[in-house]
Amino acid sequence: MDILNQLADDAPEHEPDSLPSLDEQKAIVAKLKALEEKGELTDDVLAQYFAAKQKDTRDEEE
């Protein structure tokens, strides 16, 4: 199977939701930067804004 067919098979079945407006994106960045400066930026906080599912690599490191 060539790479294009594999990518097509792995693609989501539906169109992704639209992105936030530029102003909304700027507000999110400002909030995340403020949390980072206070040392309160955690994986849970990031997960609220970035819904992309990523493989958990912690299991592989053990």
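Let's begin with the surface: Ile-3, Leu-4 and Leu-7 make a nonpolar patch of about 330 Å². This is a predicted model, so keep that in mind throughout. Leu-7 has its place in helix α1, which covers residues 3-10. Is Leu-7 buried or exposed? Leu-7 counts as exposed because its relative accessibility is 51%, and the cut-off for exposed is over 50%.

## Fold and surface

The protein chain has four helices and zero strands. Reading along the sequence, you get the pattern α-α-α-α.

How much of the chain is buried? Of its 62 residues, 5% count as buried. The protein chain exposes about 6200 Å², with carbon and sulfur atoms supplying 52% of that area.

## Helix α2 and what follows

Helix α2 runs over residues 22-37, which gives it 16 residues. From first C-alpha to last it reaches 23 Å, close to the 22 Å expected at 1.5 Å a residue. After α2 comes Gly-39, which has a positive phi, near 75°.

## The salt bridge

How many salt bridges are there? The count comes to one. The partners are Lys-38 and Glu-40, and their closest N and O atoms are 3.9 Å apart. That pair makes the count because the cut-off is within 4 Å. As a general point, side chains of opposite charge can pair when their charged atoms come close.

Glu-40 has a relative accessible area of 41%, so it is partly exposed.

Over the protein chain the mean pLDDT is 77, and 68% of the residues reach 70 or more. Which elements sit at the two ends of the confidence range? Helix α2 has the highest mean pLDDT among the elements, at 95, while helix α4 (residues 58-61) has the lowest, at 51. Where pLDDT is low, the predicted coordinates should not be read in detail.

Key. Residues numbered from 1 in each chain as written. Predicted model: local features only at pLDDT ≥ 70, side-chain atom pairs only at ≥ 80, totals over all residues. Heavy atoms only, no water. Patch = residues over 30% accessible without salt bridge, like charges linked within 9 Å, V, L, I, M, F, W, Y side chains within 5 Å. Areas by Shrake-Rupley, 256 points an atom, 1.4 Å probe, with all protein chains shown as cover. Salt bridge = Lys/Arg side-chain N within 4 Å of Asp/Glu carboxyl O. Buried < 20%, exposed > 50% of the residue type's maximum accessible area, 1.4 Å probe, protein only. Expected span 1.5 Å × (residues − 1). pLDDT = per-residue confidence, 0-100.
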